[in-house]
Amino acid sequence: MVTLGVRRWDTMGESVQGVGKRCNQDWWACEGTGAGDEPLVLAVADGHGSAVHARSELGARFAVDRFVGLAAAFGRAARDCHERGSLARLMAYARDDFPRALVHEWRSAALGHWDRHRPVADVGTPEPEAAEKLVLYGTTLVGAVVTPWLFVAWQIGDGDLAVIGHDGELLRPLAPAEEDLGDETESLCGAQAWRAVRTHWAPLFDEARGPRLVVLSTDGLSKSFASAEGYRDFVVGLDDRLAAEGAEGVRAALPEWLRQASRYSGDDTTLVAALRPGHLALEADHKSEQKTES
C-alpha cells in the first residue's frame with residue numbers, strides 16, 4: 001500500500017564564490033515539499049567559467065531553472081505511478097525523454113539569450129554556428145525530484161549526488177565509473193549532451209524506507225578533499241550533525257563550511273540538502289530509548 005507524504009522536507013542550500021573568481025558560476029534551487037502535488041526538486045549547476053565559456057554563469061542558471069520546471073511536472077505525473085503500466089512508462093521517460101527535453105529546453109534558453117544579447121562584432125563577421133554559441137553557456141547539472149513514491153535524479157558532468165539511506169548507508173548512485181580527469185567534464189553544451197546524462201531511478205514502495213538525506217553539490221566541495229573518502233566523511237558528518245543539532249543549527253553553519261571548502265579547492269562551492277520529514281524526531285526518540293535502557 002502506498003503511503004501519502006504530506007510533511008515538508010527540511011531543506012537547506014548555500015553557495016560561495018571561489019577566491020579570485022570574477023563571479024560565482026554556480027546556481028542552485030530547492031523547491032517543493034515532497035508531497036504528491038508538490039514534489040521536492042533539488043538542483044545545482046556549475047558553469048565552466050573559462051574564457052571559452054564566457055556566459056556560463058547564465059548557462060548554469062538556465063540549466064537549473066529549466067530542470068526545476070521539467071522535474072516538478074515529472075513529479076506531479078508520478079502521482080499515479082502505482083497504476084498498472086504507469087511505473088514502466090515513467091521510467092522510460094526518465095531515462096530517455098527527460099534528458100532530451102532538458103537539453104532542448106536549455107539550448108532554447110541559451111540561444112534565445114544570444115539572440116537578445118548579441119556581442120558587438122566587426123561588420124562582415126560571419127554568424128557563429130549554434131554549437132559555437134552554446135559553448136559560451138557551457139555548464140554541468142545535478143538534479144533530483146522526490147515524491148512519496150519516487151526518487152529520481154539526473155546528472156551531466158562533474159558534481160556529486162550523495163544519499164544516506166534509511167539504514168544509514170551512504171551511496172553515490174550517479175558517480176561515474178571513472179572520475180573526470182583535471183577540468184575536463186561532460187557538458188550541456190556538448191553535441192549530443194542528452195546521451196551523457198546519467199539517471200538514477202528508485203521507486204519508493206514504502207516511504208519510510210526511502211532516503212533520509214539527499215545531498216547535491218558542485219565539484220568545488222569534493223575537490224576540497226584529498227580523496228573521495230574525505231567527501232564521504234563530510235556527508236556522514238553532515239548526517240550526524242543534523243541528528244545532533246537539528247536542521248537550523250546546520251543551516252546556520254553551512255556557509256562557513258562551504259567557505260572553508262572553497263579556500264581549499266579554489267572553486268565556487270555549492271550544496272543543497274534535504275532531510276526526510278520526521279527523521280530528526282525518530283532519531284531523538286531512538287536516542288531517548290537507548291538512554292532509558294542503559
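Analyst: What follows covers salt bridges, then cavities and a pocket.

Analyst: This is a predicted model, where local features need pLDDT of at least 70, side-chain atom pairs count only at pLDDT 80 or more, and totals for chains, interfaces and linings use all residues. Residues are numbered from 1 along each chain as its sequence is written, and side-chain values use heavy atoms, with hydrogens and water left out.

User: How many salt bridges are there?

Analyst: The count is 13, taking a salt bridge as a side-chain nitrogen of Lys or Arg within 4 Å of a carboxyl oxygen of Asp or Glu.

User: What does D267 pair with?

Analyst: D267 forms a salt bridge with K21, at 3.7 Å from N to O. D267 sits in the loop between α5 (228-265) and β10 (269-275) and K21 in the loop between β1 (10-16) and β2 (26-31), so the pair ties together parts 246 residues apart in sequence. Helices (H or I, at least four residues) and strands (E, at least two) are DSSP runs, numbered from the N terminus.

User: Is D267 buried or exposed?

Analyst: D267 is buried, at 9% relative accessibility, while K21 is partly exposed at 34%. Buried means under 20% relative accessible area, exposed over 50%, and partly exposed in between (1.4 Å probe, protein chains only).

User: Which residues are in the network with K21 and D267?

Analyst: K21, D219, K223 and D267 are linked by salt bridges.

User: And what about R212, which partner does it have?

Analyst: R212 forms a salt bridge with D239, with the closest N and O atoms 2.5 Å apart. R212 is buried at 12% relative accessibility, and D239 is buried at 5%.

User: Changing topic: how many cavities of 30 Å³ or more?

Analyst: There are two cavities of 30 Å³ or more. On a 1 Å grid over the protein atoms alone, a cavity is a set of points where a 1.4 Å probe fits but cannot get out, and a pocket is an open set with protein on both sides within 12 Å along at least five of seven lines; lining residues have an atom within 4 Å of a point. Grid points are joined across faces, edges and corners, and a volume is the space filled by probe spheres set on the points.

User: What volume does the largest cavity have?

Analyst: The largest cavity holds about 60 Å³, and its lining includes W9, G34 and R276.

User: Which residues are closest to the centre of the second largest pocket?

Analyst: That pocket has a volume of about 280 Å³. Of its 17 lining residues, G165, L204, R209, G210 and P211 are the closest to the centre.
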